[in-house]
Amino acid sequence: MNKSFLRCFLSTVLLLSGCAHSTSHEGSSSPYAADIAQIIEKSKGTKAETAVREILLDSVVSEAEMLDRAQA
């Protein structure tokens, strides 16, 4: 995985998770829905595509997900 993409991804995830609502779900009117969709779109065709999609589709980023990606 490209290290600079991973750093950017994790930074964005941390930013979004700090502001995310715990009740937001895919397809909701979350204020971050457009940002999440953009991150998912940018990950297409990369090695991280599947991981990004799995982490962000529920609009909730758990600590375990962040740690798992940081160690990958």
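This is a predicted model: local features need pLDDT of at least 70, side-chain atom pairs count only at pLDDT 80 or more; totals for chains, interfaces and linings use all residues.

**Entry 1: contacts along the chain.** I began with contacts between residues at least 6 apart in sequence, and found that 57% of them join residues at least 24 apart.

**Entry 2: the overall layout.** Next I looked up the secondary structure. The protein chain has four helices and zero strands, and reading along the sequence gave me the pattern α-α-α-α.

Entry 3: How much of the protein chain is buried? I found that buried residues account for 28% of its 72 residues.

**Entry 4: the nonpolar core.** I looked for the largest nonpolar core and found 13 residues in it. Phe9, Val13, Val52, Leu56 and Val61 have the most contacts inside this core. Helix H1 (3-19), H2 and helix H3 (49-56) are the elements that each give two or more residues to it. H1 supplies the largest share, with four residues. I jotted a reminder beside this: in soluble globular proteins, nonpolar side chains tend to be buried together.

Entry 5: I picked phenylalanine 9 and asked what it touches, leaving aside neighbours within four places in sequence. My list for phenylalanine 9 reads Ile39, Val52, Ile55, Leu56 and Arg69.

**Entry 6: serine 43.** Is serine 43 buried or exposed? Its relative accessibility is 0%, and the cut-off for buried is under 20%, so serine 43 counts as buried. I placed serine 43 in helix H2, which covers residues 33-43. Setting aside neighbours within four places in sequence, I found serine 43 in contact with Phe5, Glu49 and Val52. Val52 was already in my notes, as a contact of phenylalanine 9.

**Entry 7: a charged pair.** How many salt bridges does a search of the whole structure find? The search gave me one. Here the side chains of glutamate 41 and lysine 44 meet, at 3.1 Å from N to O.

Entry 8: Glutamate 41 has 48% relative accessibility, so it counts as partly exposed. Lysine 44 has a relative accessible area of 43%, so lysine 44 is partly exposed too.

Technical notes
Residues are numbered from 1 along each chain as its sequence is written. Side-chain values use heavy atoms; hydrogens and water are left out. Buried means under 20% relative accessible area, exposed over 50%, partly exposed in between (1.4 Å probe, protein chains only). Contact means heavy atoms within 4.5 Å. A salt bridge is a side-chain nitrogen of Lys or Arg within 4 Å of a carboxyl oxygen of Asp or Glu. A nonpolar core is a set of buried Ala, Val, Leu, Ile, Met, Phe, Trp, Tyr and Cys residues joined through side-chain atoms within 4.5 Å.
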